[in-house]
Amino acid sequence: MTLRVSWVVTSIVLSVCAAVAETPPDACVKCHEKEAAPEHVSVHFREQVTCVSCHGGDSAATEKEKSHAGQVRKIARAEVPALCAKCHSDVRLMNPYGIATDQFAQYQTSRHGLKLAEGDQDVATCADCHGAHGIRKVKDPESPVFPKNVPATCARCHADADLMKRHGLKSNAPKDYGESVHAKLLEKGDLSAPTCITCHGNHGATPPGVRDIIHVCGKCHVKEQELFSQTKHFALTEKGEFQSCVTCHRNHLIRTKQEDIRKSCKLCHGDETDPARIRFTSIFATIRGAEALFQGAKDRVQRLGHAGIPVDEEEALLEEAKTGVLRLAPMQHTLDESKVLATAQEAEATISEINRRLDGKERAESWKKKSILPIWGFLLGMAGLFWLKLGRIKKEAA
Amino acid sequence: MSVTRNLVTFVRRWLGERLPMDDIEHFVAKQAGKPLPPHVSWFHTFGSLSLFLLGNQIVTGILLMVYYRPTPERAYESVHFISTKAAFGWFIRGLHAWGSTLMIIMLLLHVARTFLMAAYKKPRELTWVIGVLLFGAVVTFGFTGYLLPWTQVSYWGTTIGTEVAGSVPLVGPFAKRLLLGGDAVSGETLSRFYVVHVIVLPWVVVFLTAVHIVLMRTQGLATMDPVGKEVIPEGKSVIPFWPHHVLKEMVVFSVFLAIMATMVILLPQELGAKADPLVTPAAIKPEWYILPGYQFLKYFPKMLGLAVSTIPPLLVLLLPFLDRNPERRARKRPVCITVGVMAMAATVLLGIAGHFSERSVRIFGRAYQFDHFGIPHRSPEAAR
Amino acid sequence: MSDDPVKTDRRTFLDMVIFGGLAAWGTAMAVPTVAYLWPARSGSGKAASVSAGPAKDFAVGTAKMLQAEGKPVIVIRVSEELFRAFSPICSHLGCLVKWEAETRTIVCPCHAGIFDLEGKNVSGPPPRPLPPYSVAVVEGEVVVKL
């Protein structure tokens, strides 16, 4: 039955497309210039989904009455998702493009979709994020849903204090995100950096529940999740007494600086004698120490490299040390000072190897410089001998 | 001792039966004992130091060629290998690189000495002309050698340098294409520059140097007497070339070598980053000895500039034919000396302007922005 | 030569010192030249290669980490015949990747980037594939060309 229906829908849409392809598209454009203007970049237009595909009417007719033919309409907000879904939920239609067809279903489960169903006209529908006319492919850098543009697109509503207040929501999320490491990566041009939709979902946008947070973050931070899952904090999370990742890192700010994390730790472990406090103090010190050592070695390699000393091998070792130091960040999620210390010691061993090699090179360099003295001694001696000889010859001649 | 003497006698007799040894010995003795005029001083050693540097460039150049590979894939890596892995490679490369700079300095001093003492006047006009050609060849040496390490600086320096050739109307684009072996600096350019640097120019320079020296030896060094009234040096005041002047030169040479070695050790030639045709580094400037000419071109519209810029070298080349004053003592030819010194000062000023142009510099705590023409402006943020 | 024996002696002594000095000078210049020409560890022209040991000691489905010319290299024996080598520096943030035998993938421990056997980035944040090196078995030895 459903198959039959979809078949009928498909053939209708296809025949519409076919009809459109044959008619000059500018029949509507004649009057609706404003709407038609952005269509030259539209992916729909290129695939022959035109005005009439959504708005109805007859684009072949040239008179207003005939072309509108009683069925042209402005599309109401609440109707938008279902209208887009007409094509976008059709497996047959979407298959060639490799576009998922569960978007409408996802949307219906999203906070946006649920509210829309309740009759809330403020929520985002398809067109609010993707645009209505002149819809571009997601991969197009100009598309509002291109990774780099997602935060700004969401912020259009979610940074609007009045709008958010009306719905009992906070409007600081976009601002907080802007200060996060995630946003910094995105600014640097890393398109894989997480945006709003990475955690909240796109079509099924909804805030993750407390118990889900660890899975949301764990999508990328695998090691952290694995190690965290073995700790007391995780057990507390299971009981609902701890908010896993966001307790320390916050949700949108994504704090990573030690001094910020330390403040979070102190919220529960403020007591000077608390063994946990002693432990995290020691873990932080170990990491700071290793990072400082690494930075020192890195600076030294760079300095000597600039001074003309070949440091290729040390640079390779530096990569190794960097991997070691980067492993420290996940390792601290174990909350186990001995494990952190062991990891740090591994990295420090590589760093001291780098320093040992550089010492040798610096010694060789200083020998090079010391060789200047004997060179001058010898050559000045020779100059003196020639001078002496010249004087003697002159004396003889006289 | 007697073994050595017997060996010498034997070789002498063996050669004597085959070659006109008497003539050769006579020639060598005459050349060695050739008296130099009494005014010959320490200033007369710049020429022989240039000759030494030419030898240094040839020997170190041959050694560098052993490991150098003139392809874009291997050029940078091979120079890197020379300066890091090959024993004393850094020293040999340093000698070659510093040698080229010092050679140009020595040649400039040599030219200045010749100019101030008016040694270019009749009958030594040809020696001067060949000398100027030699200077041009050495600058070309520097320009072609600059590209060979295939670093960012060398790649883009060459791009700018050849751009000048390309801006000549009509023949420019043609000449540039011929020079580059394509439309941009590429592997083809490297190949061409390499061939010119290691085959063409060495022969040209060695040949011209030989002619230059033969002319100098046959005509003898110029005295300070006016043209036509030169007194052939003789008597007690003359300085014999061998051993007096040679010993003097050895003294200078020893000290010079010590200075050069110090420069090589204390001021190593950095290799920098490998050439990347897709990334232009900021503030690329030609080498210092090209800067005055490069800056000079900026003050004229392209076509006029190139027409104008051929005038100074031409004037220098034809100097012996333009300056008809027979006097050699500086005090007796005030016009020529004034013009010459002013030209030298102008060249230095152009070089300085070129060095600072398009850069911002702090002088006595104030920031200055030097524009395209090398004119300083107070930086806007400092003025505020 | 002069007839005065004392004078002759003194002059020959000075001459001998000068000749000795010149000889020392010549030697001092010849030694670095010969040292320079003496073949160093690896030539400049020939593309360098590094050995990953004998092929028979290299189990199928395992990987080795090597260091060559200051660069790390990961070599994987995919099957009996097939070896692959890559630069293990992750194209994301530069951590060193690891071979995971169970899943037969190359995994970056830092942000869970996954590369397939071709070095192609198939999952996670890495933006580019791993740069490959060519591997060959030469006389029973696994050799990576750099």
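Helices and strands are here DSSP runs, helices having at least four residues and strands at least two, numbered from the N terminus. On that basis, chain B of this predicted model has 16 helices and five strands. Its C-alpha atoms fill a box of roughly 80 × 55 × 45 Å along the principal axes. Of the 384 residues in chain B, 42% are buried. Among the contacts in chain B that join residues at least 6 apart in sequence, 74% link residues at least 24 apart.

Chain C has another make-up, with one helix and ten strands. Followed along the sequence, chain C reads α-β-β-β-β-β-β-β-β-β-β. Buried residues account for 36% of the 146 residues of chain C. For contacts in chain C between residues at least 6 apart in sequence, the share that joins residues at least 24 apart is 40%.

In helix H11 (residues 291-298) of chain B, the residues Leu291(B), Pro292(B), Gln295(B) and Lys298(B) are buried. Viewed down the axis of H11(B), these buried residues fall within an arc of 115 degrees, so they line one face of the helix. Helix H15 (334-356) of chain B is included in what covers the buried residues of H11(B).

The next topic is the interface of chain B with chain A. Here 22 residues from chain B meet 21 residues from chain A. The area buried between these two chains is about 1,900 Å², and carbon and sulfur atoms give 80% of that area. On the chain B side, His244(B), Leu247(B) and Ile265(B) lose the most area to chain A, together 27% of what that side buries. Between chain B and chain A there are zero salt bridges, and one residue pair is found in polar contact, with both residues at pLDDT 80 or more. The elements of chain B that give two or more residues to this side are helix H4 (75-84) and helix H10 (241-266). H10(B) supplies the largest share, 15 residues. By class, the side of chain B that touches chain A divides into 14 nonpolar, five polar and three charged residues.

Chain C also touches chain A, through 26 residues from chain C and 24 residues from chain A. The area buried between chain C and chain A is about 2,200 Å², of which 66% comes from carbon and sulfur atoms. The count of salt bridges between chain C and chain A is one. In that salt bridge Asp15(C) pairs with Lys389(A), and the closest N and O atoms are 2.6 Å apart. Four residue pairs are in polar contact across the interface of chain C and chain A, both residues of each at pLDDT 80 or more. Helix H1 (5-37) and strand S3 (71-77) of chain C are the elements that give two or more residues to the side touching chain A. The largest share of that side, eleven residues, comes from H1(C). Its residues divide by class into 15 nonpolar, six polar and five charged.

Salt bridges can also be followed within the chains. Side chains of opposite charge can pair when their charged atoms come close. Over all chains, a search of the whole structure finds 27 salt bridges. One of the pairs in chain B is Asp22(B) with Arg12(B), at 3.2 Å from N to O. This pair links helix H2 (residues 21-32) of chain B, which holds Asp22(B), to helix H1 (residues 2-16) of chain B, which holds Arg12(B), the two residues being ten apart. Asp22(B) is exposed at 55% relative accessibility, whereas Arg12(B) is partly exposed at 29%.

Also in chain B, Arg333(B) forms a salt bridge with Asp323(B), with the closest N and O atoms 3.9 Å apart. Both residues lie in the loop between helix H14 (319-322) and H15 of chain B, so the pair ties together parts that are ten residues apart in sequence. Arg333(B) and Asp323(B) are both buried.

In chain C, Arg84(C) and Glu118(C) form a salt bridge whose closest N and O atoms are 3.3 Å apart. Arg84(C) sits in strand S4 (residues 83-86) of chain C, and Glu118(C) in the loop between strand S7 (114-115) and strand S8 (121-123), 34 residues away. With a relative accessibility of 24%, Arg84(C) counts as partly exposed, while Glu118(C) is exposed at 52%. In chain A, salt bridges that share partners join Arg136(A), Asp140(A) and Glu142(A) into one network.

Technical notes:
Residues numbered from 1 in each chain as written. Chains lettered and ligands numbered in written order. Predicted model: local features only at pLDDT ≥ 70, side-chain atom pairs only at ≥ 80, totals over all residues. Heavy atoms only, no water. Contact = heavy atoms within 4.5 Å. Buried area = accessible area lost by both parts, 1.4 Å probe. Salt bridge = Lys/Arg side-chain N within 4 Å of Asp/Glu carboxyl O. Polar contact = N/O pair within 3.5 Å; in protein donor to acceptor, adjacent residues only side chain to side chain. Nonpolar A, V, L, I, M, F, W, Y, C, P; charged D, E, K, R; others polar. Buried < 20%, exposed > 50% of the residue type's maximum accessible area, 1.4 Å probe, protein only. Arc of directions from axis to C-beta.
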